[in-house]
Amino acid sequence: MGTDLRLVLLGLAAVVPDGPALAHGEAHAASPKRASAAPGQTRFGIAGDPARATRTVVVEMSDQMRFSPEALVVKRNETVRFVVRNRGSVMHEMAIGTPEELAEHAALMKRFPDMEHDAPHMAHVKPGASGEIVWNFNRAGTFEFACLALGHFEAGMIGRAVVR
Ligand SMILES: [Cu+2]
């Protein structure tokens, strides 16, 4: 193997962990093969330990395709326990992510409506029920939480979480 090829391979290894394809893997399946620092680390944080949650945020979801609150500010490294209540009469969900990943995920849901998806950064909530997400926002940035039920993202069921 020539030096040039090795450099190319090293370059790929450096680029792939942040690539969009892998980001999607994070959303749909645990990826034990990933070589990042902590297993489960995403660009928008990591699953939190409920015992270390310092803040509880109640998020309500409605058939008006809105979250309440629609925006929140989080301190970096804060672990937030979200209590996610579905006030509507249809299934809703809350999924945290980067704006790019959520948009990509919503597009995929349109193509594959029966796609199974579940992860620690999501809560699927039946009408009248509540779910929970415990999330450690250990990366600074502007993130979103969205409902990925078919058509809801397009209807604007998106909130914003700023971590600083
Ligand atoms: Cu919804």
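Are H92 and M157 buried or exposed? I found both H92 and M157 buried, where buried means under 20% relative accessible area, exposed over 50% and partly exposed in between (1.4 Å probe, protein chains only).

A note on what I am reading: this is a predicted model, in which local features need pLDDT of at least 70 and side-chain atom pairs count only at pLDDT 80 or more, while totals for chains, interfaces and linings use all residues. Residues are numbered from 1 along each chain as its sequence is written, and side-chain values use heavy atoms, with hydrogens and water left out.

**Entry: the copper ion**

I looked up the donors (N, O and S atoms within 2.8 Å of the metal, or 3.2 Å for Na, K and Ca; water is not among the atoms, so sites may look incomplete). H92 (ND1), C147 (SG), H152 (ND1) and M157 (SD) coordinate the copper ion at 2.0 to 2.7 Å. Along the chain, these donors follow the spacing H-x54-C-x4-H-x4-M. H92 sits in strand β6 (residues 92-97) and M157 in the loop between β9 (141-146) and β10 (158-163), so the pair ties together parts that are 65 residues apart in sequence. I took helices (H or I, at least four residues) and strands (E, at least two) as DSSP runs, numbered from the N terminus.

**Entry: aromatic pairs**

Next I checked the rings of Phe, Tyr and Trp (its six-membered ring), which pair if their centres lie within 6.5 Å; planes under 30 degrees apart count as stacked, over 60 as edge-to-face and the rest as tilted. I get four aromatic pairs by this rule. One of them is F44 with W135: the ring centres are 5.4 Å apart and the planes at 20°, so this pair is stacked. F44 is in the loop between α2 (20-28) and β1 (46-47), W135 is in strand β8 (residues 130-137), and the two are 91 residues apart. Both F44 and W135 are buried.

The rings of F82 and F137 have centres 6.1 Å apart and planes at 75°, so I logged that pair as edge-to-face. F82 is buried at a relative accessible area of 0%, and F137 counts as buried at 1%. I also noted one aromatic cluster formed by F44, W135 and F143.

**Entry: the sheet**

I traced an open sheet of five strands in the order β4-β10-β9-β6-β7, with mixed pairing; two strands pair if DSSP finds at least two bridges between them. β9 and β10 run antiparallel and are joined by six bridges. G141 has V163 in β10 as its bridge partner.
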